[in-house]
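Reader: Before we turn to individual contacts, I would like to go through this model with its cut-offs stated. Could you take my questions in turn?

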Amino acid sequence: MEIRETHPFDLTPAEAAHLQEALRTRVRLTGDIGEISLVAGVDASYVKGSNVIHAVVVALGYPDLAVVERVAARTETSFPYIPGLLTFREGPAVLKAFRKLRSEPDVIFFDGQGIAHPRGLGIASHIGVLLDRPTVGVAKSLLVGSVEEPGVTRGSTAPIIRDGETIGMAVRTKEKTKPVYVSVGNRIDLFQAVDLVLATARRYRLPEPTRQAHLFANLARKTGIGEDRQTGLPSPEARREG
């Protein structure tokens, strides 16, 4: 897959925060995503205290959500673990994985934040700007803002509010489970993002793109693989769980 743009990642924390402030002005909060036939999930994994990052991209057909392709990349980073600046640890590995991807996903889901971020540029927005693609942040916890608990039924939502503005949505994807926190990454509006998260979260709390990416990222970390491809078949993890 073509990487439209990149930049140095070996910055100081202050330089990284300054770059985020500049890049956030390029985030687009709307967009015509058109007909969707392929979605993708992105995740990264590493042993706590380790500088080796394993990033993966998993492409799935839509609406069947069958795994089409999986790629993994391994890099080593010197950037410290700092909440709000995780893209500078994980970004090089994520972009390396995207360079291996043959598929061209219409929408990309990230296990992380979009604009619901201290500087409005979580990994879904940051990489979304570099790829110039529609991206969605699907986080497992709230990073900034305040939110009320959504209703208990699947599909219930509650806005994430920061300084009087809605920056995302808490979404109940499954009854009797915690919500996920959805925010725009780039080139998509919040209502489209929420609808797609619910459309792809069919049996589990996480939508299938990021769930499959999470499973594969853990496998990449445990086995040290740098690349693994599949075409037209669910992943081994999905078959075991199904």
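Reader: Is Arg187 buried, partly exposed or exposed?

Author: This is a predicted model, in which local features need pLDDT of at least 70 and side-chain atom pairs count only at pLDDT 80 or more, while totals for chains, interfaces and linings use all residues. Residues are numbered from 1 along each chain as its sequence is written, and side-chain values use heavy atoms, with hydrogens and water left out. Buried means under 20% relative accessible area, exposed over 50%, and partly exposed in between, for a 1.4 Å probe and protein chains only. Because its relative accessibility is 21%, Arg187 counts as partly exposed.

Reader: Which residue forms a salt bridge with Arg187, and how far apart are the closest N and O atoms?

Author: A salt bridge requires a side-chain nitrogen of Lys or Arg within 4 Å of a carboxyl oxygen of Asp or Glu. Helices (H or I, at least four residues) and strands (E, at least two) are DSSP runs, numbered from the N terminus. The partner of Arg187 is Asp132, and this pair links distant parts of the chain, 55 residues apart, with Asp132 in the loop between helix 3 and strand 5 (135-139) and Arg187 in the loop between strand 8 and helix 4 (190-200). The closest N and O atoms of Asp132 and Arg187 are 3.5 Å apart.

Reader: Where do Glu208 and Arg211 lie, and why are they separated by about one helical turn?

Author: The side chains of Glu208 and Arg211 meet in a salt bridge at 2.8 Å, N to O. Arg211 also lies over the face of Tyr204, at 3.9 Å from the ring centre, where the criterion is NZ of Lys or CZ of Arg within 6 Å of the ring centre and within 35 degrees of the ring normal. Glu208 and Arg211 are separated by about one helical turn because they are 3 residues apart in helix 5 (residues 208-223).

Reader: Which backbone oxygen does the side chain of Thr173 reach, and at what distance?

Author: Thr173 belongs to the loop between strand 7 (165-171) and strand 8 (180-186), and Thr173 is buried, with a relative accessible area of 2%. Leaving aside neighbours within four places in sequence, the residues in contact with Thr173 (heavy atoms within 4.5 Å) include Arg154, Val197, Tyr204 and Arg205. The side chain of Thr173 reaches the backbone oxygen of Arg205 at 2.5 Å.

Technical notes:
A polar contact is a pair of N or O atoms within 3.5 Å; within protein, one must be able to donate a hydrogen and the other to accept it, and residues adjacent in sequence count only if both atoms are side-chain atoms.
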